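Q: I have the model open next to the sequence and would like to talk it through. Can we go piece by piece?

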Amino acid sequence: MKLTNIQRFWISLILSIPMLIQMLAMPFHWMMPYYNWIALVTTTIIMAISAVPYWKSAWAAFKKHSANMNTLVATGTAVAYFYSIFAMCTNRPVYFESAAFVTVFVLLGDAMEEKMHDNASDALGKLMGLQAKDAEVLRDGKFVKIPLDQVQVGDLIRVKPGEKVPVDGIITQGISSLDESMVTGESMPVEKHVGDTVVGSTMNTNSVITFKATKVGSDTMLAQIVDLVKKAQTSHAPIQNLTDKISNIFVPVVMIIAILTFVIWFAFLGATAVEAMLFAVAVVVIACPCALGLATPTALMVGTARSAKMGVLIKNGEVLQEVSKLDTVVFDKTGTITVGKPEVTDVIGDKELVLKVAASLEESSEHPLASAILKKAVSEKIVPQTVKEFAALEGKGVKATFENQDAFVGSSRLLADVPISAELSQKANQLQNEAKTVVYVGLNDKIIGLIAIQDMPKPSSKKAIAELKARGLKTIMLTGDNEAVAQAIANEVGIDQVIAGVLPNEKAAHIQELQKNDATVAFVGDGINDAPALSTADVGIAMGSGTDIAIDAGGIVLVQNDLLGVVRALDLSKKTFNRIKLNLFWALIYNTIGIPIAAGIFVGIGFTLSPEFAALAMAFSSVSVVMSSLLLNKTKIAGA
């Protein structure tokens, strides 16, 4: 059975108690009977159980002509242990306690890291444990309870008040409020209607709802959150490469310093071989850069775990480093800054004909505005007709044959080929100045009417933009909508710059143009057409309400469909990365200060460090780094 670092630490600590007693009794000139034999046996067991793994790691690195953190631990413990065996055989003073306590204190730091990792894993396990164990599914006309693993996509599921939603889905019947705090971090229940999405493991609070399962098993949002957090916690920030480079140089330098310490003390300062050896071992032990190795993973672990609780999923450590350099945040408009549920506000022209033509063509379209037009047609009791030869015109609209006539519905880009009357043109400008998107409807190469659609900004958008600008970030809206509508929305929420009329395939190119002008860019989006821009940006932030493709492309995923999540994501990322840098700084300071003390430079004023106290100081540096990382749980985050 393989022992954990925590188990190895406690075993080693218990075994070292006789040596601790002897060390405390030394000033009183008391000697434990058979002390040398007791120390030999207990230290040998400690070496076999706890020190050998460090020796193996150091030997593996040596065979590859390199050195690592364990090289120093292995060298220090091995020298103290094997010298003590030699000393015992030749009736000289032994130093088994140095080898034992060095191992114990090194393990203390490792045990702290392992405990933190276990706590993070337990938190994720508890998150998965929040899942419902079964579901009430419609089978043969009746709702019956079945185990969760038997639920399939497409099943109709009923959830009563006080029950958990078993899987992700879309409500088909009923209205209720759901407590989504465990997934999104939102403390207030959210009211859900027919057509709204529900998330597995959230709590239904007040009414019966029926929904259609859309994602089950590992595809549910909860499972994906757990998977993303696990991957983030085991990832490396690029700054970790610096840590590795420092260790590769630092370890050989320390070994040289330790050898010089021995030579100088023994050959020039009149110390005995044993005294010189103890100075050298102390140098090796205190210089062990364990804290350096803990600096990045512990901060990453705490930061990503806390962000997940707040509905912000950081995919890897590289994102943290990029966030620290950001100076520009670019937003998609529809569904990101705005609610994403546009509604028809005006129909200009023959209302029945305009809506009939538009609804008939848009019935085959997947554009976000199509649903608004169809919804308006239904409310006016207009039935869409079947069209022929339907075709989508990228970035322009759609065309088809409607009742044997050429028909089209789309944006102002169609006007290059189709004439429009001065009256309709003037009306279109007026509607656009009111922040409404204008859809042009045509028959037989003539514009017959206009449909005005408005998508209101989310309540949180203005505050989120203000928060980002307060942090010195430039804000840009990148949208396919026309200039007038885009500018009106931008003015309402406080966006600095608007880039409008952008075709879906041009978004990534605009991001690249900003990067060429030395901007470090975050892009926030939610649609399929946002995926290239999310991948191109230095940091891609995908709204959790968006498509799977957008979420896959983003480096950060916001579970809540709320722009304040962008502020939280950037704050958390920046503070986690800053904590990593602080940890690295203190880890290096400990080593820089500790080495000359251990080497005996201050022996003239009575300030020295034995190997075991050097190990304690080294362990304290590791513990302090862990504690520093844990403070990320207490740091203030906007909106938290």
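Predicted model: local features only at pLDDT ≥ 70, side-chain atom pairs only at ≥ 80, totals over all residues.

Q: What is Gln454 in contact with, leaving aside neighbours within four places in sequence?
A: Counting heavy atoms within 4.5 Å as a contact, Gln454 touches Pro342, Glu343, Thr345, Glu434, Ala435 and Lys436, once neighbours within four places in sequence are set aside. A polar atom of the Gln454 side chain lies 3.3 Å from the backbone oxygen of Glu434.

Q: And what is the order of the six strands in the open sheet that has E17 in it?
A: The order is E12-E17-E16-E15-E14-E13, with antiparallel pairing, and two strands are taken to pair if DSSP finds at least two bridges between them. Strand E12 (343–349) and strand E13 (388–393) are the edge strands, each pairing on one side only. Neighbouring strands of this sheet are turned against each other by 15° on average, direction ignored, the axes being lines fitted to C-alpha atoms (for helices over the stretch in contact) and angles otherwise running from 0 to 180 degrees between N-to-C directions.

Q: Which helix packs on that sheet?
A: Helix H15 (residues 422–433) does, touching E12, E16 and E17, and its direction makes about 5° with that of E17.

Q: How many bridges join E14 to E15?
A: Six bridges join strand E14 (residues 397–402) to strand E15 (residues 405–410), and the two run antiparallel. Gly397 stands opposite Gly410 of E15, and in the hairpin of these strands, which has two residues between them, Glu403 takes a positive phi near 50°.

Q: What does Gly410 stand opposite in E16?
A: Gly410 stands opposite Tyr440 in E16, while Ala407 stands opposite Leu443 in that strand. E15 and strand E16 (residues 437–443) pair over four bridges in the antiparallel sense.

Q: Switching topic, which residues have the most contacts inside the largest nonpolar core?
A: They are Phe331, Ile541, Ile556 and Leu570, in a core of 37 residues. Helix H21 (residues 564–598) gives the most to this core, with six residues. Such a core is a set of buried Ala, Val, Leu, Ile, Met, Phe, Trp, Tyr and Cys residues joined through side-chain atoms within 4.5 Å, and buried means under 20% relative accessible area (exposed is over 50%, partly exposed in between, with a 1.4 Å probe and protein chains only). Apart from it lies another core, of 33 residues, among them Met32, Ala99, Val274 and Met277.

Q: Last one: where does UniProt place the "transmembrane region" feature?
A: The unreviewed UniProt entry places it at several spans, including 34–55 and 584–607; its positions follow the numbering used here, feature names are shortened, and annotations may be inferred rather than shown by experiment. Residues 34–55 are 95% helix and 0% strand, with end C-alpha atoms 28 Å apart. Residues 584–607 are 62% helix and 0% strand, with end C-alpha atoms 26 Å apart.

Terms used. Residues numbered from 1 in each chain as written. Heavy atoms only, no water. Polar contact = N/O pair within 3.5 Å; in protein donor to acceptor, adjacent residues only side chain to side chain.
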